[in-house]
Amino acid sequence: MIKAIIYCRVSTDKHTQETSLIRQQEELRSFADRYHLEVSKVIEEKQSGYEIEREGIFELLDDFQNQKADALLIQDETRLGRGNTKVALLHQLKKLNISIYTLSHNGELQLSEGDSMVLQIVSIVEEYQRKLHNAKIKRGMKKAVSNGYNPAENLSNQHLANGRERKEFPIDEVVRLKSNDLTFKEIASVLKGMGYDVSKATVHRRYQEYQSLENLQNED
């Protein structure tokens, strides 16, 4: 049986919104029963859909990343988010291969032609940004090594990493989030939502490596 998370959201603390939360949960539980979905968790939030930093969303993404559920049940796509926040979350859920069911569609979410096009463009741009950035890092590393730079001598706590597999995650995303004043703990949470299980310490260390390499490139 498919395990699903029910996500309910309202934007204010008003009493009428409280009843909306109750109604959303009841209708979604009935929906789950009708489609033989096992509800593993119910998450309720009282926050704006334009806000992406929501504890419920972090919890939801963590559970999907840890494979505690396979599907998301929502009243409609605006409950997940609005504007750019909605697109960003739909993109992350797609990358995690999560099925989204909505009451408004009486089944799996059917994206509008506009949303589908935006998500496709985002995926293409993200992939080319990753390739371009990796090529830049590779080129910079070759240049730094040719100038005598030894990466092993510049890694703090190198002895702690012996025998461990180096975790890969998009450093360009870390740099972007850091430029938006997110803490390393917050960045680690975002990366987990993207499917990268990394700690705050690992993110911090890799960011320092990146900064060291960038400084060498600028000096060249």
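The largest pocket in this predicted model has a volume of about 910 Å³. Its lining is made up of 33 residues, and helices H2, H4, H5, H6 and H7 are the elements that each give two or more residues to it. Elsewhere, five strands form an open sheet, and Glu45 is found in one of the strands, E2.

**The largest pocket**
- Among the 33 lining residues, Ala88, Gln92, Glu173, Arg176 and Met194 lie nearest the centre of the pocket.
- The helices that give two or more residues to this lining are H2 (55-65), H4 (83-95), H5 (113-146), H6 (171-179) and H7 (184-193).
- Sorted by class, the lining has 16 nonpolar residues, together with nine polar and eight charged ones.

**The sheet**
- The strands follow the order E2-E1-E3-E4-E5, and their pairing is mixed.
- Strands of a sheet pair through backbone hydrogen bonds, and this pairing can be either parallel or antiparallel.
- At the edges stand E2 and E5 (107-108), each of which pairs on one side only.
- E4 (residues 99-102) pairs with E5 in the antiparallel sense over two bridges, and Thr102 has Gly107 in E5 as its bridge partner.

**Glu45 in strand E2**
- Glu45 belongs to E2, which spans residues 38-46, and this residue counts as buried because its relative accessibility is 6%, while the cut-off for buried is under 20%.
- The side chain of Glu45 makes a polar contact of 2.5 Å with the side chain of Tyr7, and a polar atom of the Glu45 side chain lies 3.3 Å from the backbone nitrogen of Glu55.
- Beyond its neighbours within four places in sequence, Glu45 is in contact with residues including Cys8, Arg9, Val10, Leu21, Arg54 and Ile57.

Key: Residues are numbered from 1 along each chain as its sequence is written. This is a predicted model: local features need pLDDT of at least 70, side-chain atom pairs count only at pLDDT 80 or more; totals for chains, interfaces and linings use all residues. Side-chain values use heavy atoms; hydrogens and water are left out. On a 1 Å grid over the protein atoms alone, a cavity is a set of points where a 1.4 Å probe fits but cannot get out, and a pocket is an open set with protein on both sides within 12 Å along at least five of seven lines; lining residues have an atom within 4 Å of a point. Grid points are joined across faces, edges and corners, and a volume is the space filled by probe spheres set on the points. Helices (H or I, at least four residues) and strands (E, at least two) are DSSP runs, numbered from the N terminus. Ala, Val, Leu, Ile, Met, Phe, Trp, Tyr, Cys and Pro count as nonpolar, Asp, Glu, Lys and Arg as charged, and the others, Gly among them, as polar. Buried means under 20% relative accessible area, exposed over 50%, partly exposed in between (1.4 Å probe, protein chains only). A polar contact is a pair of N or O atoms within 3.5 Å; within protein, one must be able to donate a hydrogen and the other to accept it, and residues adjacent in sequence count only if both atoms are side-chain atoms. Contact means heavy atoms within 4.5 Å. Two strands pair if DSSP finds at least two bridges between them.
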